[in-house]
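Here is a short briefing on one protein model. It covers strand pairing, charged contacts and a surface patch.

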Amino acid sequence: MFAELSQVTWKSTVTSPSVSVVINTRNSMRFLPGALRSVLDQTHRVQEIVIWDHNSSDGLRHYINSLDVPGLRFFEDTTSVSLQEVRRKAIQASRLYNG
């Protein structure tokens, strides 16, 4: 399952809006391949996937660095902040954010 994600292509339809997807993680490596597969299988055009990691120690960074997924952006936060703050940072990092 992990290897097949490095060979993905975006599904797209002409009339679909551009979408940014934000995924917050913390020691969630076991769930990330399924989450990415779910995003990539959508019919809306996904312009970017923002993954914001909150101090994981489960090899997530190594896995992300091994992927070749267009539009994937990875950020790490090593400070101790609330989930709400981490989500806010990830949304603001999105290229489609205009707040």
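Which side chain meets arginine 61 in a salt bridge? Glutamate 76 does, at 2.8 Å from N to O. The model is predicted: local features need pLDDT of at least 70, side-chain atom pairs count only at pLDDT 80 or more, and totals for chains, interfaces and linings use all residues. Residues are numbered from 1 along each chain as its sequence is written, and side-chain values use heavy atoms, with hydrogens and water left out.

- Strand β2 (residues 45-54) and strand β3 (residues 72-77) run parallel, joined by 6 bridges.
- Between β2 and β3 the chain passes through helix α2 (residues 60-66), and this β-α-β crossover is right-handed.
- Right-handed means that, with the strands pointing away from the viewer, the path from the first strand over the helix to the second runs clockwise.
- Valine 50 faces arginine 73 in β3.
- Helices (H or I, at least four residues) and strands (E, at least two) are DSSP runs, numbered from the N terminus; two strands pair if DSSP finds at least two bridges between them.

**Salt bridges**

- The structure has 5 salt bridges, each a side-chain nitrogen of Lys or Arg within 4 Å of a carboxyl oxygen of Asp or Glu.
- Glutamate 76 sits in strand β3 and arginine 61 in helix α2, so their pair ties together parts 15 residues apart in sequence.
- Glutamate 76 is partly exposed at 39% relative accessible area, and arginine 61 is partly exposed at 49%.
- Buried means under 20% relative accessible area, exposed over 50%, and partly exposed in between (1.4 Å probe, protein chains only).
- Lysine 89 and aspartate 77 form another salt bridge, at 2.9 Å from N to O.
- Lysine 89 belongs to helix α3 and aspartate 77 to strand β3, so this pair links parts 12 residues apart in sequence.
- Aspartate 77 is buried at 5% relative accessibility, while lysine 89 is partly exposed at 23%.
- Arginine 37 pairs with aspartate 41 in a salt bridge, with the closest N and O atoms 3.5 Å apart.
- Arginine 37 is partly exposed at 22%, as is aspartate 41 at 36%.

**Surface patch**

- Val22, Ile91 and Tyr97 make up a nonpolar surface patch, with about 230 Å² of accessible area together.
- Patch residues have over 30% relative accessible area and no salt bridge; nonpolar side chains (Val, Leu, Ile, Met, Phe, Trp, Tyr) are joined within 5 Å, like charges within 9 Å.
- Areas come from the Shrake-Rupley method with a 1.4 Å probe; for residues, only the protein chains shown count as cover.
- Tyrosine 97 lies in the segment after α3 (83-93) and is partly exposed at 37%.
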